[in-house]
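A short briefing on both topics comes after it.

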Amino acid sequence: MSQFGQMESLDGVARLPEFVAAYHRLLDQFAARTRRLVLLSPMPFERPLAPDAPDLTRRNADVAAYAVAVRGVAERRGAAYVDLFGPLSARAPGSPRLTDDGIHLVPSGLREVAGIVGRQLGTTARAGVAMGALREAIVEKNRLWYDCWRPANWSFAYGDRVSQPFGKGTGKDPSLKEALERHRPLIEAVETRIQALARGESAPAAAPVAPSPAAPVEAPAMTPEEELATFAPAEGYAVNLFASEREGVVKPTQIAWDERGRLYVACSPTYPQTRASAPPADYILRLEDTDGDGKADRVVRFAEGLTMVQGVEPGDGGVYVCDFDQIVHLRDTDGDGKADERRVVFGGFGVGDTHQLVNSIAHGPDGSLWFSQGLHAFSRVETPWGISRLDRAGVWRMRPRTLRLDGFFGGGMAGANCWGVAFDDHGQVFHKSGDRPHGYWTVPGMVRAASPLGAGSAISADASYANTPEQYHSVGALFDSPVKTTSLEIIGTRALPDDVQGCALIGGYFGAVLELHRFEDAGSGFRTTQLPKLLKSSTPSFRPVDVSVGPDGAIYAADWFNPVIGHYQASYADPRRDRTHGRIWRVTAKGRAPVRAPDLASMDPDRLLEQLRSPERWVRQQAKRLLCDGRRADVLAAADRWLGGMGTATPEAERLLVEVAGVYEAHETARPALLETLLVAKDPRVRAYGARVVGAWAEKIPNAMALLERAVRDAHPRVRLEAVVAATYVPDERAVAVTTQALEAGRDPFLDYAIRQSARAMQSRWAAAFEAGRLRLGGSGVQAEYLRKLVGTPRAPVHPGQTVYEMACLPCHQPEGKGLPGVYPPLAGSEWVQGDPERLVKIVLHGLAGPVRVAGRDFGGGDAVPMPAMEGLEDAQIADVLSYVRDTFGGKAGAVPAGVVGRVRAETAVRTTAWTADELGMRLPSRP
């Protein structure tokens, strides 16, 4: 069965011929694998339940045209045709809803549609058929088929990472590809069972495939008490255990608080790969400290049956969860502490690598939900606004009341494994990337309608991006550190010392540390300075993957606790991978009393608004979230009263304007007077946020263009930058004039980046008017010249080795080839890179182990992981990447021909172990 045409109808009837041609090409591929095709017509849209989502029913005339086209395709191919559009359009007013979002069927909708399909295909129920058992078998077949058709970690089994150790077996465990192939006989067995049950015959359930036994772990894991003894907190701080595997905390991936001070913990014991036939087994815990002693004493398993869960965030009366390829909302409707209602908010996110799934969901200051994804996530998400696409690493923003989904920095423009988003007190957005020490100020790339592919290619996201103008890393990388880090939080609590207020708190999962970084203004953007380590551990199994400030003002760290974390150097089935432990640690400041959080859950909107004055960021964030989720009429009435009685003469009052503006944004309601006040505030941070709000309200206010024209001339560069980005939210060809107006004033790299991204994003709106001379641009002619060059400059050719470098080398050797001190050797300035190319070929083919000295520094001692072999790369790929590395990082050293790679491969074909420095003629100097 095949069904297309509904989402495609949002392109309009003008693209019907293109749709029909593409459908025929797809069905040609189907016909080669199946004897019969059944084409389902598209269904009519329903109006989404989200109050501010577009009314999709206005597009049903287009859907009808696509349904007629699908009928024509079926007739031409001799395929069966099922008309869903007609019967569903004729449903009586008041009939039960088919969907929540106007597009995707809920269970009752599926049942109704299934009945229509069955009747039109002439099927009838047979006597003696056990419908419950039959349905169970079909559901199981669908689950197994989906796991086989769109498997987790497909890049290591079928894609560009098949040569990595992660995809290889260990002991008696098969390779990942072989493990995934075990689904096929399971599917065949359940298909046989389905056929028998449909005929009314008895059929035993298929026996599951038992997982291969794993080799025993060599040493038992540390107890929490033993791990605690390895910690060295900074002077003036103390650490205690909040919860561990004893409370059910296993492999925590994210932690998040609700307004009652309860901690939700996303636990993923199945990571990094489930076994064939194994049902989903991840879960959400809810932990509570009822007696205030800093330790969890009440535990509820809030939700179960999740898959590779990597994000959790309370909201809208339940929790939002990053569940494999979906964002779901779970709710407890009967008060027993366990979720009994599941709603899929969005689905279709990429699954190519399970440490790059959608992750780290969190609320923003305007009620939006933010989350991120990594390098092998190729996401295609159906929304009421059309298909949202984000290829490779990037950052997502979702508006709950409009169901609008925006992706930023597609193509790995600001981190290859993005993980974690945070916001300061004036609404500035920051995100981290786990593949490197760095994170980024997100705002310059928050343009609407930017290419999901970044800059590399309009066709393939496998193109390389390192040296394109859209690459953001060199513009403003923050949080520099010697180790890879992930997740971040902004500190703001009386329970911690004054000198860390406003600092970024970061989890150093790769170096067993917790870090602090202080922000400083840098023109239109920021720079950061690292402070002394907050916490260090002597065991590499300490893996803080998420950090949070709790309701008591203490710092909480989710400890993944695992000696093996890589998706490169160790097999997916490596027996050292811990799947049974996890800890939540609590860090407090000595001599400072814990904060007592107010009873937010009992407060009405008027009292919640007063909590926005709290000195505690935790209180303000929870109060804001409750206001954003609250009943619109009640919240807006209270906000109007509160705003009317608030002065604007002090810095604190101006900050409160930012807070309350976020409440109005969350309820998709414009207040022009408030906007004007923001834009004339004394604090440039408040004016900058005001410029962003102009973009958010652009279609709700009549003078958005005029306000942005004023903001882009502001004396402060950050206000100008926000105006440049906000212009992309105005559906008007003249908006590019606002963006290019920023060229006329002082600029810096952040502004230059934002101007280019914004002009590129809007090019489809202004290009025709510009070419025809209709576009009115002010200034000295600089704007017109800029756009002329932007349109006329061809993309620079990409070195073929860049793609291989980003796929296989960047996570260790880093974007600029600098490596990580004491962990991964640098390529830049390396005598190894500049020297004998055949030596490099040997290393790529077979790996490198043991101590080495590179650029005067020692690497590879102790428990260091050796460089893995990459013999699965083709000769041309190895030649390309080594030529790129030698040209880019090796002082223009010569290229490496593919013939040399082939010869070295043949000469060393019998080798099965990694090389050492001595074997390669790079001996370490003797020590005195």
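What follows covers cysteines, aromatic pairs and charges over rings.

This is a predicted model, in which local features need pLDDT of at least 70, side-chain atom pairs count only at pLDDT 80 or more, and totals for chains, interfaces and linings use all residues. Residues are numbered from 1 along each chain as its sequence is written, and side-chain values use heavy atoms, with hydrogens and water left out. The structure holds zero disulfides, while a search of the whole structure finds 35 aromatic pairs.

**Cysteines**

- A disulfide is a pair of cysteine sulfur atoms within 2.5 Å.
- For C628, the closest cysteine sulfur belongs to C322. The distance is 19 Å, too far for a bond.
- C628 counts as buried because its relative accessibility is 6%. The term buried means under 20% relative accessible area, with exposed over 50% and partly exposed in between (1.4 Å probe, protein chains only).
- C503 is buried too, at 1% relative accessibility.

**Aromatic pairs**

- Rings of Phe, Tyr and Trp (its six-membered ring) pair if their centres lie within 6.5 Å. Planes under 30 degrees apart count as stacked, over 60 as edge-to-face and the rest as tilted.
- F231 and W585 make an edge-to-face pair, with 4.8 Å centre to centre and 85° between the planes.
- F231 sits in strand β4 (residues 231-233) and W585 in strand β31 (residues 583-589), so this pair ties together parts that are 354 residues apart in sequence. Helices (H or I, at least four residues) and strands (E, at least two) are DSSP runs, numbered from the N terminus.
- Both partners are buried: F231 has 10% relative accessibility, and W585 has a relative accessible area of 0%.
- Y805 and F889 form a tilted pair, because their ring centres are 5.5 Å apart and their planes lie at 50°.
- That pair links distant parts of the chain, 84 residues apart. Y805 is in helix α23 (residues 800-808), and F889 is in the loop between α27 (875-888) and α28 (898-907).
- Y805 is buried at 1% relative accessibility, and F889 is buried with a relative accessible area of 7%.
- Ring pairs also join F430, W441, F479, F519, F526 and F750 into a cluster.

**Charges over rings**

- A charge sits over a ring if NZ of Lys or CZ of Arg is within 6 Å of the ring centre and within 35 degrees of the ring normal.
- R583 lies over the face of F561, 4.0 Å from the ring centre.
- R911 lies over the face of W915, 3.7 Å from the ring centre.
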